[in-house]
Amino acid sequence: MKRGITNIAFVAVLAVTPALAWEDGPSLEELMKPAPNRAWNGFALAGHSTTKLADGVYAFRNTGTRSIFMVTNDGVIATDPVSETHAKLMREAIAEVTDQPVTHVVYSHEHWDHVQGGQIFKDEGATFIAHENCVRHFYDRPNPNIVMPDVTFSDDYTLEVGGRSMELMYFGPNHGDCMVVMRPDAGDFLFIVDLVTSGGAPLGFMPDYAPHHCGTHA
Ligand SMILES: [Zn+2]
């Protein structure tokens with residue numbers, strides 16, 4: 001069955017935004033005004049929090065950046081470690097809901113503001129997964145705080161752990177060129193990083209986007 005990325009994004013806006021939107025933030029109309037746009041200061045949130053999205057699926061937020069994690073019967077799937085601080089706080093948040101180890105970490109895309117700090121999970125034996133295009137960026141722009149992927153894939157990939165699954169979908173260049181859209185097996189939503197953000201789509205100044213690539217996904 002063919003499905004367009006536009007339709008996928010539409011589902012995400014409908015389903016993810018109510019779960020992740022901050023209260024009393026700027027309106028969608030305000031966010032869509034051209035940059036510079038003071039409404040984007042609404043993302044300068046303080047502190048951190050954990051939100052249950054579905055059975056075994058949680059969103060972890062530290063300041064304005066989010067990851068998700070999924071608890072299975074045989075370990076935890078975590079996504080973007082972001083930074084040493086974010087990863088440490090997310091590890092503590094995971095420990096509050098389960099004693100399971102983090103066995104897998106999935107990178108959303110190659111940008112440093114989402115993929116640093118994973119060593120805490122590597123130290124407990126996690127397998128790191130990313131689209132294959134990310135690896136070139138990691139070698140071209142070395143960063144000692146990035147754990148290299150153990151498993152890569154070229155198209156779509158379904159991660160199956162402990163009776164649960166998370167679908168990782170690749171749509172080609174969009175924001176960066178190794179972005180994956182994640183669909184946990186529970187909850188009617190997608191986890192999309194930097195393409196669709198709570199209350200706005202996409203980031204107002206479109207950094208590192210490829211809007212001319214607008215294909216469909218088989
Ligand atoms: Zn990015």
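Let's start with the sheet. Seven strands form it, the order is S2-S3-S4-S5-S6-S7-S8, the sheet is open, and the pairing is mixed. Two strands pair if DSSP finds at least two bridges between them. Strands (E, at least two residues) and helices (H or I, at least four) are DSSP runs, numbered from the N terminus. The edges are strand S2 (48-54) and strand S8 (151-153), each pairing on one side only. On average, neighbouring strands are turned by 20 degrees against each other, direction ignored. Axes here are lines fitted to C-alpha atoms, for helices over the stretch in contact, and angles run from 0 to 180 degrees between N-to-C directions.

Before I go on, the ground rules. This is a predicted model: local features need pLDDT of at least 70, side-chain atom pairs count only at pLDDT 80 or more, and totals for chains, interfaces and linings use all residues. Residues are numbered from 1 along each chain as its sequence is written, and side-chain values use heavy atoms, with hydrogens and water left out.

Back to the sheet. Strand S4 (residues 65-72) pairs with strand S5 (residues 75-79) in the antiparallel sense, over four bridges. Phe-69 stands opposite Ala-78 in S5. Helix H3 (residues 84-97) packs on the sheet. H3 touches S2, strand S3 (57-62), S4, S5 and S6, and its direction makes about 35 degrees with that of S4. Contact means heavy atoms within 4.5 Å.

Next, the metal. Which residues are the protein donors of the zinc ion? They are His-109 (NE2), His-111 (ND1), His-175 (NE2) and Asp-194 (OD), lying 2.1 to 2.3 Å from the ion. Donors are N, O and S atoms within 2.8 Å of the metal (3.2 Å for Na, K and Ca); water is not among the atoms, so sites may look incomplete. The spacing along the chain is H-x1-H-x63-H-x18-D. His-109 sits in the loop between strand S6 (102-106) and helix H4 (112-115), and His-175 in the loop between strand S10 (164-170) and strand S11 (180-184), so this pair ties together parts that are 66 residues apart in sequence. Both His-109 and His-175 are buried, meaning under 20% relative accessible area (1.4 Å probe, protein chains only).

Last, the disulfide. The structure holds one. A disulfide is a pair of cysteine sulfur atoms within 2.5 Å. Cys-134 is joined to Cys-178, S to S 2.0 Å. The link is right-handed, with 90 degrees about the S-S bond. Cys-134 lies in helix H6 (residues 133-140) and Cys-178 in the loop between S10 and S11, so the pair ties together parts that are 44 residues apart in sequence. Cys-134 and Cys-178 are both buried.

Conventions: Buried < 20%, exposed > 50% of the residue type's maximum accessible area, 1.4 Å probe, protein only.
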